[in-house]
Amino acid sequence: MTLTAGKTKAMKNLMSEDGIIAALAIDQRGALKKMMKALDFEPKAGDIERFKELVSEELTPYASSILLDPEYGLPASKVRAENSGLLIAYEKTGYDATVPGRLPDLLSVWSAKRIKEQGADAVKFLLYYDVDEDKEINEQKHAFVERIGSECAAEEMPFYLELLSYDANNADNGSKEFAKVKPHKVIEMMKEFSKPRYQVDVLKVEVPVNMKYVEGFAKGEVVYTKEEAAKYFKEQSEATNLPFIFLSAGVSASLFQDTLRFAHDAGSTFNGVLCGRATWADGVKPFVTGDEAQVRDWLQTQGRKNIEELNEVLKVTATPVKL
């Protein structure tokens with residue numbers, strides 16, 4: 001990588017001493033509200049903020065960095081461990097489902113400069129992308145990412161681009177049909193946004209297959225043999241010259257860890273993770289049904305266990321970032 005001095009310093013703040021990105025993600029907004037509502041709890045803004053604070057305070061001592069949002073996450077950023085770097089999300093949560101294209105939008109009162117002023121080391125932006133969608137829609141997205149890349153470059157802040165694949169003609173990402181096209185969708189979008197014009201520094205991406213359809217992992221129908229799945233992981237790794245990290249996509253902690261081992265064995269040179277719900281999701285229930293003491297107890301035991309086990313897996317599976 002060829003980075004400015006400012007970006008290099010910030011990148012180091014986000015990694016472990018070994019050069020692995022072992023980051024904790026709790027920038028969820030709409031998804032976190034849904035998790036609480038599913039437990040018959042109607043969260044107020046203060047509830048969302050407080051849960052994020054508790055997660056940050058208890059788990060960042062074991063993470064290289066934390067990803068938060070500026071809407072509910074700023075209080076949590078103030079109580080993170082001293083050795084934990086900070087990423088802040090720039091995008092609005094969700095997308096407008098009434099128009100085609102899952103078009104992106106930014107938080108209107110934020111900028112890369114303002115995110116930097118909050119003490120962040122990096123900007124994270126989430127983009128939904130279907131490489132096969134209408135050219136007119138994808139050109140809008142290309143220009144959008146170019147603008148953010150330029151903004152981050154001006155502030156000498158690393159730009160973490162999170163890419164989520166979808167099929168404009170199939171809304172069910174968990175379906176067998178989508179599983180068949182997912183490798184193509186994921187790999188091709190990584191190739192696109194690895195181009196220098198976007199000034200992306202780290203890609204945050206999905207694994208290239210749905211592991212629930214992989215031979216040996218599937219409880220039902222199989223879409224990929226182990227050999228086919230391994231080939232896709234290798235192709236994904238070769239699709240970019242940028243550091244890339246995996247998101248957990250809400251799967252269980254154990255499945256995510258098994259996936260990382262599978263990726264490594266397949267020859268993937270991924271550089272770490274930005275892991276969210278697989279680490280802290282089960283802490284939501286004690287938060288809405290119990291008291292803070294119970295939440296802290298869960299975070300200090302099972303939550304810590306989840307993240308420390310993940311760190312052990314990363315030590316033997318992830319490739320250090322070379323700056």
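The radius of gyration is taken here over C-alpha atoms, and the globule rule used for comparison is 2.2 Å times the number of residues to the power 0.38. With 323 residues, a compact globule would by this rule have a radius of gyration near 20 Å, and the chain, at 19 Å, agrees with that expectation. The structure is a predicted model, in which local features need pLDDT of at least 70 and side-chain atom pairs count only at pLDDT 80 or more, while totals for chains, interfaces and linings use all residues. Residues are numbered from 1 along each chain as its sequence is written, and side-chain values use heavy atoms, with hydrogens and water left out.

Along its principal axes the C-alpha trace spans about 50 × 45 × 45 Å. The chain contains 12 helices and 8 strands, these being DSSP runs numbered from the N terminus (helices H or I, at least four residues; strands E, at least two). Of the 323 residues, 54% are buried, where buried means under 20% relative accessible area, exposed over 50% and partly exposed in between, with a 1.4 Å probe and protein chains only. When contacts (heavy atoms within 4.5 Å) are taken between residues at least 6 apart in sequence, 73% of them join residues at least 24 apart. The accessible surface, calculated by the Shrake-Rupley method with a 1.4 Å probe, comes to about 14,300 Å², and 47% of this area belongs to carbon and sulfur atoms.

A search of the whole structure finds 12 aromatic pairs, a pair being rings of Phe, Tyr and Trp (its six-membered ring) whose centres lie within 6.5 Å, with planes under 30 degrees apart counted as stacked, over 60 as edge-to-face and the rest as tilted. One of these is the edge-to-face pair of Y129 and F193, with 4.9 Å from centre to centre and 80° between the planes. Because Y129 lies in strand β4 (residues 122-129) and F193 in helix α7 (residues 176-193), the pair ties together parts that are 64 residues apart in sequence. Both Y129 and F193 are buried. Elsewhere, F217, F233, F244, F246, F262 and F270 form one aromatic cluster.

Helix α7 also holds A179, which is buried with a relative accessible area of 1%. Not counting residues up to four places away in sequence, A179 touches N210, Y213, V223 and Y224; between A179 and V222, which are 43 residues apart in sequence, the C-alpha to C-alpha separation is 10.0 Å. In helix α1 (residues 5-13), T8 is in contact with L3 and L323 when its neighbours within four places in sequence are left aside. The C-alpha atoms of T8 and M157 are 9.0 Å apart in space, although the two residues are 149 apart in sequence.

Most residues other than glycine have a negative phi. R102, although not a glycine, has a positive phi of about 45°; R102 is placed in the loop between β3 (85-89) and α5 (112-117) and is buried, with a relative accessible area of 15%. Q199, likewise not a glycine, has a positive phi of about 55°. Q199 lies in the loop between α7 and β6 (202-205) and is partly exposed, with a relative accessible area of 30%.
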